[in-house]
Amino acid sequence: MDASYKEIGLNLRVSLVFPTTKDLKQAVKENAIKEHREVKLVKNDKRRIKFGCASKTSPCEWFLYAGPMEDKISFQIRKIGPNHTCPLSYNNKSVREYANVDISKWTYYRARKFANKEIYGDSKLQYGMLWDYCTKLRRSNPGSTVIMKTNTEGSTSPVFERIYICFQACKQGFRGGCRLIVGLDGCHLKANHKGQILSAVGIDANNGMFPIAFSVVESECKDSWRYIARRIEAKKLEGTKWKNGVGCRIWKLLEKTKQLAVNHDVIYLGDKKFEVNTRSNEQFAVDLNTWYCGCRKWSLYGLPCTHAMAAIISRGLNPVE
């Protein structure tokens with residue numbers, strides 16, 4: 001006889017044996033509760049027991065089939081159908097039957113809110129600790145910029161509005177080894193007090209993303225973006241520790257672009273402007289003064305495309321510069 005389902009938990013699998021049909025039904029019910037699924041008993045006789053998905057929101061082909069062993073008392077899982085494709089169910093009838101309770105949706109929400117508070121703590125009290133958090137950041141990371149803004153209108157105590165954090169190490173890394181490109185993005189915060197987190201990232205000399213700063217604000221708007229943009233310094237220090245002036249990954253990309261660029265014909269138009277013709281009879285205008293190519297890849301990625309590289313090589317210039 002196979003191991004008892006109580007010894008291995010609620011992970012139902014083929015060949016698992018249950019002492020009685022009652023144990024089998026109980027295990028399937030507990031597994032459905034654990035997985036947030038609705039199941040139903042389709043067939044139940046001495047020769048077979050079959051369960052199916054009871055979801056009413058979408059068709060689902062999940063099933064579980066079990067048959068009797070030689071003793072005609074114990075049952076073994078013979079086959080389990082495809083995984084559930086229905087959405088998770090949080091109004092599970094089995095939960096009410098198993099726990100012998102019948103709660104409303106709102107009672108469930110209140111219970112979940114209470115559980116979250118017990119696990120994660122009171123968010124209001126945590127906001128009150130932000131001033132100490134900012135002070136500790138400044139002490140442990142000298143040179144870092146930590147600015148918090150509060151609102152006192154209509155309240156007896158300050159109310160959190162937004163915060164901006166830029167660590168000193170990120171400042172030095174961006175100035176000393178990143179290209180002068182700053183990417184901005186934001187995403188929603190799903191905590192009780194909502195808001196958004198805005199981030200600024202750069203591209204290092206190895207073509208990887210480099211964090212610069214982040215800010216938690218009340219909403220994504222022009223004012224909040226100006227709030228973070230005003231505090232980002234796009235000044236790069238002179239000198240670099242890279243062997244070729246760029247990271248090894250960027251250097252390899254430039255070398256590969258050089259190899260592809262030899263297939264293009266270049267016509268110099270004067271004032272660092274070119275017409276580049278490819279072997280597929282495509283023509284692209286290239287302007288080295290403005291770092292522009294008609295394919296737009298140079299402008300989008302910050303690295304010379306094959307057309308721009310062909311123009312650079314034709315004049316004996318250094319693509320790194």
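Analyst: This is a predicted model, where local features need pLDDT of at least 70, side-chain atom pairs count only at pLDDT 80 or more, and totals for chains, interfaces and linings use all residues. Residues are numbered from 1 along each chain as its sequence is written, and side-chain values use heavy atoms, with hydrogens and water left out.

User: Which residues touch the most other members of the largest nonpolar core?

Analyst: Leu12 and Leu24 do, in a core of 18 residues. Helix α2 gives the most to this core, with four residues.

User: What makes a set of residues a nonpolar core?

Analyst: The members are buried Ala, Val, Leu, Ile, Met, Phe, Trp, Tyr and Cys residues joined through side-chain atoms within 4.5 Å. Buried means under 20% relative accessible area, with a 1.4 Å probe and protein chains only. Leu24 is among the buried residues of α2.

User: Why does the span of helix α2 agree with its number of residues?

Analyst: A helix here is a DSSP run of H or I with at least four residues, and a strand is a run of E with at least two. The expected span is 1.5 Å times one less than the number of residues. The 15 residues of α2 (residues 21–35) should therefore span 21 Å, and the end C-alpha atoms are 21 Å apart, which agrees.

User: How do you know that β11 pairs with β12?

Analyst: Two strands pair if DSSP finds at least two bridges between them. Five bridges join β11 to β12 (residues 273–277), so by that definition the two strands pair, and they run antiparallel. Asp265 stands opposite Asn277 in β12.

Notes. Buried < 20%, exposed > 50% of the residue type's maximum accessible area, 1.4 Å probe, protein only.
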